[in-house]
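Please open the model in your viewer and keep the sequence panel beside it. The stops below are arranged so that each selection leads to the next.

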Amino acid sequence: MARNSLGRDVPTTWRGRQYEPYHDPFSRMPDVDRGTRPLVRRNPGESKLLGSLRAAVERCGLQDGMTIATHHHLRNGDLLLNLLVKEIDGMGLRDITIASSSIHPVHAEIVPSIRRGVVTRCETGVNGLIGELASKGEIDFPIVVRSHGGRARSLVTSEVPVDVAFIAAPCCDETGNLNGVSGPSACGSLGYAYTDARYAKKVVAVTDNLVPYPASPVSISQSDVDYVVTIDSLGDPKKIVSTTTRITRDPAGLLIARHAAEVIEASGLLKDGFSFQTGAGGTSLAVADNIKRKMLAQKIKGSFGCGGITGYFVDMLEEGFFRTLFDVQCFDLRAVESIGRNIRHREISADLYANPFNRGSVVNMLDCVILGATEVDVDFNVNVNTESNGYLLHNTGGHCDTAAGAKLAIVVAPSIRGRLPIIRDEVTTITTPGETVDVVVTERGIAVADRHEDLKKELLRRKLPLKDIRQLQSEIYALTGKPRPLEFHDEVMALIEYRDGSIIDAVRRVRE
Amino acid sequence: MDPRLRLRRSLLYVPGNMPGMLQNIPVFASDGVMIDLEDAVPLAEKDAARILTRSFLRTFRERSKEVFVRINGLDTKYALDDLREVLPAMPDGIRLPKADHPEVVERLDTRLTEAEERLGLEIGHFTIIPSIESAVGLLNSVKTAQASPRIVALAFGAEDYTASMEIQRTKTGEELFSARTQVVWAAKAAGVQAIDSVFSDANDADGLRAETELIKRLGFTGKSLVNPRQIDVVHEVFRPKQEEIDDALEVMEAITRAREMGTGVISLRGKMVDAPVVKRAARILRTAAAFGLIEYDVSEELIHGQE
């Protein structure tokens, strides 16, 4: 165990591997080369088509103790990981590591295989039941939670060597040219799978929509793909993308959004060339709506929007508020439709998006990002991983990547969630260090990190409800009371890796 | 400040039986709230609503806005319990539904006086906003508006009014025109503010804007609201225009000169400036200050002269 710079006790050795404690957001830089993958020769006439997932697992030479990866473009509609684990289980393989880009509630189906020792390690964050079971100690499944940029980094540096990557391909040809823009499982951007296609030892494209050569556009190309497998269905389209993402109607959410937009304006960043990221939540979209109106009124032309893309951002692109969208993942059908036809709506890899070790990622060019939180502490550290019950229920996404990259990282959250205050003395788990979070906006007031004296002055001048974060906390505590701290066992069940590979926090088993 | 001059562009209804909404009262920017114990609260929850309202009022000490409580009608068995439970927690005033006769207001006035004596408060501490919401209420409204010095505003309740008239309420509101005019007349005659009815469709911002513009032209000084999302639209409509602010500042300058000369009347570009003109100017400047458009502190002495 070691204490990192944020005061968290984190293991330096865990489950047979070495880890480095977090020190600060911008310094760590291991002295290594990028990873490589084996050279392969393909001659004319050789076919990559295989009859089944099982054949692909066999041809790739997957063995006990190896690592597989899938990608969460299909989100909670994904069927591939479940099918794959079932196949691997049936073949008698054991001790497999999953290094997918994320695990969703739909993947709870693999729990029996975890219990049987088929999959025994998880090099990715989890959403839903698997995290809950691990938190309760009901399954032994060590989890390393990574951000989008952090995951890309871990593949590029070979820290997580992926033996076989299975890429769900909504549209694919027999040589492995593939894209996500058409077919029954169309999901738009394939941003998370790019890095695997470049660094995994073997790459299998799995499709439910085999089209005549050449599939076009080409997102991941035939030169990176080893084998192509067809299956009946990659996923449930209804759960792959939501049909609509909507601006909130909750008055408190709207108030938070308005405050956030006022903060952005007060920061001076809202001018020609403005770049912006926000999520698909109702409040985040309401911030975008406020920003759009301000841009319209002041005739401001932005440069780019990035991250997960919604129809709302598509509108902003088409109406000229942004010149470009950088899209790692499409959140709704309008985004999927747009990425297939609008050349200024760019599909980008998680590596290009957010990897800190790649000569410069898109997040470094962000002016402002709007982020969520399950908890924030008085040092502006943010938790998005664990819930108020201590369970590990959410993956990090691009949270700490964008906070580090953007000039202005604003956390928006209701002051009270359920019965619980959002601002704590200490967050249960640190996902994103306070050193990279600039502003916390709630409906009860706005807290600004001490390093931004000018912004504070400007907010006061504009008569916005600026409050010291401790004052804001005590106002909320006056309503909610101070929650009793959760109790944990010493046993670490998950590590929260910062984007640079250092360990920012450890999640311990909950004492029930 | 003279409670009759307070800014009341937006009075937001909040159901008294919903803690989640009560706790957000400090957060929203309406000029006032009306915690509802009447129509929004089902019979089975009347007592719970009283207790919640009382508890909320006790925690909400540093008030950024006026808090009224809409009690149940004085003709119901709930009204006296409402008053007994809620008044010790110090609301600013009572919104009185079904103020059909001046006697109803007088009865409330008596109850409030009793409460003030019991609580050791200055007599007249609690204000009243009677609500005119029936044909008979309209016909008596002139006297009702003058029934108590506690009255700071007269409100119009269009939903109950149209029900009492057995007519449909429309978004364009032609059927309310005479009633609204009558309420404004009664209010102005009594020297109090006039608060228009709610606009029920919280999703129709354009409809709300049109209606608010109409009632502002008619002479209403504010509006009752059903949803916090309506606050911005109403405030925008009531936002004074720059020329109104400039005129009002000129009036205040003129009356300052007049006071220095020891008079209460002065001519400004050929027009007489006296108390009513000054009062109107003061209201515009207070509104402008509330919007952050100007920084201006209107002194009572300037409006009324030294005693």
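**First stop: a loop residue in chain A**

Select A:Asp95, which counts as partly exposed because it has 13 C-beta neighbours inside 10 Å; a residue is called buried if 20 or more other C-beta atoms lie within 10 Å of its own, exposed if 12 or fewer, and partly exposed in between, with C-beta atoms placed from the backbone. This is a predicted model, in which local features need pLDDT of at least 70 and side-chain atom pairs count only at pLDDT 80 or more, while totals for chains, interfaces and linings use all residues. Residues are numbered from 1 along each chain as its sequence is written, and chains are lettered from A and ligands numbered from 1 in the order in which they are written.

A:Asp95 is found in the loop between H2 and strand E7 (96-98) of chain A, where helices (H or I, at least four residues) and strands (E, at least two) are DSSP runs numbered from the N terminus. Check its backbone: A:Asp95 is not a glycine, yet it has a positive phi of about 65°. Most residues other than glycine have a negative phi, and most peptide bonds are trans.

**Back into helix H2 of chain A**

Now select A:Asn82, which sits in helix H2 (residues 80-90) of chain A. With 16 C-beta neighbours inside 10 Å, A:Asn82 counts as partly exposed. Leaving aside residues up to four places away in sequence, A:Asn82 touches A:His107, A:Glu109 and A:Ile110; two residues are in contact if their C-beta atoms, placed from the backbone, lie within 7 Å.

**Two cis peptide bonds**

Move to the loop between strand E13 (202-207) and strand E14 (227-230) of chain A, where A:Pro214 has its place. The peptide bond from A:Tyr213 to A:Pro214 is cis, with omega near -5°. A:Pro217 lies in the loop between E13 and E14 of chain A, and a cis peptide bond with omega about 0° joins A:Ser216 and A:Pro217.

**A helix pair in chain A**

Select helix H8 (residues 251-266) and helix H9 (residues 282-297) of chain A, whose axes come within 8 Å and cross at roughly 45°. Axes are lines fitted to C-alpha atoms, for helices over the stretch in contact, and angles run from 0 to 180 degrees between N-to-C directions. H8(A) and H9(A) are therefore oblique to each other; angles under 35 degrees count as roughly parallel, over 145 as roughly antiparallel, 65 to 115 as roughly perpendicular and the rest as oblique. The crossing of H8(A) and H9(A) is right-handed, a crossing being left-handed if the near helix is turned anticlockwise from the far one by less than a right angle, and right-handed if clockwise. To see the contact itself, show side chains including A:Gly253, A:Leu254 and A:Ile256 of H8(A) and A:Ala286, A:Val287 and A:Asn290 of H9(A). The contact residues of H8(A) and H9(A) divide into nine nonpolar, four polar and three charged, where Ala, Val, Leu, Ile, Met, Phe, Trp, Tyr, Cys and Pro count as nonpolar, Asp, Glu, Lys and Arg as charged, and the others, Gly among them, as polar.

**Across to chain B**

Colour by chain and look at the contact between the chains, which takes nine residues from chain B and nine residues from chain A. The side of chain B that touches chain A has three nonpolar, five polar and one charged residues.

Chain B has 13 helices and 10 strands. Buried residues make up 46% of its 307 residues, and the C-alpha trace of chain B spans about 60 × 45 × 35 Å along its principal axes.

**Helices H2 and H3 of chain B**

Select helix H2 (residues 46-59) and helix H3 (residues 79-86) of chain B, whose axes come within 9 Å and cross at roughly 25°. H2(B) and H3(B) are therefore roughly parallel to each other. Their contact is made by B:Arg50, B:Thr53 and B:Arg54 of H2(B) and B:Asp81, B:Asp82, B:Glu85 and B:Val86 of H3(B), and by class it has one nonpolar, one polar and five charged residues.

**Last stop: B:Glu166**

Finish at B:Glu166, in the loop between helix H7 (158-165) and helix H8 (177-190) of chain B. B:Glu166 has a positive phi of about 55° although it is not a glycine, and with 6 C-beta neighbours inside 10 Å it counts as exposed.
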